[in-house]
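Here is a short briefing on the pockets, cavities and salt bridges of one protein model. Look over the sequence and the structure, then read on.

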Amino acid sequence: MSNAKRLEESVKTLEEGIAKVKLIMDGYPACKLFTSEEYMRYYDCVYLLCIQPPPHDLSTEILQRYHATLDESLYFRVLPFLKDKSGASLLAEFLRVWTNYKAMVKCLGGFFLYLDKKCTDQKSSAPLKEIALCCFQNRVCSDLLPELFDAALLLISQDRREEPIDRSLLQGLSTFFLENGGPKKGTYYDMFEEKLLTDTCSCYSRFASEWLLSYSSTDYILKVERCLNDEKGKLSQFLYPSSVEKLLQVVHLKLIGETTSQLIEKQKAENLNSTRYQELLSRCSNLSIG
């Protein structure tokens with residue numbers, strides 16, 4: 001077989017592998033789609049196409065095909081499934097396609113391993129995994145992020161009203177943030193934390209007004225104590241400790257710090273024992289600072 005024919009056959013074989021790997025986006029596990037021999041066959045195709053001397057070296061074209069594979073998967077197997085969804089259903093679908101996308105990228109990484117090493121050694125391209133991450137961020141997250149934030153905030157709000165929610169969705173979104181920059185300044189997590197702080201401020205301002213009308217000063221403080229305990233337990237399931245601390249401080253500020261004068265007036269009107277009242281306040285303060 002001539003070299004040109006071998007290259008042509010390698011391109012055809014690789015395309016067959018790419019067509020199959022896209023099925024991972026539909027939920028098919030890679031282990032059911034490929035044998036170890038098939039993995040090696042697709043790796044060998046990429047290797048052969050990338051080691052040819054100029055002008056027959058197809059590394060640039062193969063890199064472009066990698067980009068195209070990612071784009072095709074996102075446009076046809078991700079974005080249509082996220083369209084017109086909101087709330088918990090949006091988060092669930094987003095986490096599903098993100099999980100499948102990671103699995104597909106991992107599989108593709110095996111096929112294109114030689115190209116990845118070559119690009120890294122020659123510093124001609126970013127690592128393929130980084131390319132895949134940026135592709136998902138640019139194609140999916142750039143427009144969808146505000147909706148994801150709103151969906152998560154809605155779940156947290158429902159949880160605070162003691163409505164049943166699926167907390168695994170919040171845990172999954174937090175993991176996604178971790179995989180996309182973590183808690184550093186300017187990352188998705190940092191942006192979400194800022195929105196959650198603002199939302200928490202508004203939420204507990206409303207709660208403070210409602211509870212002051214509904215409870216005695218003693219019951220109000222006991223309610224705050226339970227609330228701080230609940231917040232700490234729930235938020236710790238999906239947020240970094242530093243974020244939990246910031247939020248507890250906001251909750252304490254809104255429920256105690258900004259209602260002190262009103263609580264004192266209620267205490268006087270109710271003839272509440274001052275020592276007991278101060279003990280309760282102290283317990284709430286200790287909770288807010290960890």
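In the second largest pocket, α11 gives the largest share of the lining, six residues. This is a predicted model.

**Second largest pocket**

- The volume of the second largest pocket is about 230 Å³.
- Its lining consists of Arg160, Arg161, Glu162, Tyr204, Phe207, Trp211, Lys223, Arg226, Cys227, Asp230, Glu231 and Lys234.
- Two elements give two or more residues to this lining: α10 (188-214) and α11 (217-235).
- Eight of the lining residues are charged, four are nonpolar and none is polar.

**Largest pocket**

- The largest pocket holds about 280 Å³ of space.
- Its lining counts 14 residues. Lys102, Val105, Lys106, Lys129 and Ala132 lie nearest the centre.
- Three helices each supply at least two lining residues: α6 (87-111), α7 (113-122) and α8 (128-160).
- Which helix gives the largest share of this lining? α6 does, with six residues.
- By class, the lining of the largest pocket has eight nonpolar, five charged and one polar residue.

**Cavities**

- How many cavities of 30 Å³ or more does the structure hold? There are two.
- The largest cavity has a volume of about 60 Å³.
- Ile156, Asp159, Arg160, Leu170, Glu231, Lys234, Leu235 and Phe238 form the lining of the largest cavity.
- α8 and α11 each give at least two residues to that lining.
- The lining of the largest cavity splits into four nonpolar and four charged residues, with no polar ones.
- α9 (167-179) and α10 are the elements that give two or more residues to the lining of the second largest cavity.
- The largest share, four residues, comes from α9.

**Salt bridges**

- Side chains of opposite charge can pair when their charged atoms come close.
- The count of salt bridges in this model is 17.
- One of them joins the side chains of Lys20 and Glu38, at 3.2 Å from N to O.
- Lys20 belongs to helix α1 (residues 3-21) and Glu38 to helix α3 (residues 36-50), so this pair ties together parts that are 18 residues apart in sequence.
- Is Glu38 buried or exposed? Glu38 is buried, at a relative accessible area of 15%. Lys20 is partly exposed, at 25% relative accessibility.
- Asp26 and Arg77 form another salt bridge, with the closest N and O atoms 3.3 Å apart.
- Asp26 sits in the loop between α1 and α2 (30-33), and Arg77 sits in helix α4 (residues 59-77), so the pair ties together parts that are 51 residues apart in sequence.
- Asp26 is partly exposed, with a relative accessible area of 38%. Arg77 counts as partly exposed too, at 21% relative accessibility.
- Asp57 pairs with Lys118 in a salt bridge, and their closest N and O atoms are 2.8 Å apart.
- This pair links distant parts of the chain, 61 residues apart: Asp57 is in the loop between α3 and α4, and Lys118 is in helix α7.
- Lys118 counts as buried because its relative accessibility is 12%, under the 20% cut-off. Asp57 has 25% relative accessibility and counts as partly exposed.

Note on methods. Residues numbered from 1 in each chain as written. Predicted model: local features only at pLDDT ≥ 70, side-chain atom pairs only at ≥ 80, totals over all residues. Heavy atoms only, no water. 1 Å grid on protein atoms, 1.4 Å probe; cavity = no way out; pocket = protein on both sides within 12 Å on 5 of 7 lines; lining within 4 Å. Points joined across faces, edges and corners; volume = space filled by probe spheres on them. Nonpolar A, V, L, I, M, F, W, Y, C, P; charged D, E, K, R; others polar. Salt bridge = Lys/Arg side-chain N within 4 Å of Asp/Glu carboxyl O. Buried < 20%, exposed > 50% of the residue type's maximum accessible area, 1.4 Å probe, protein only.
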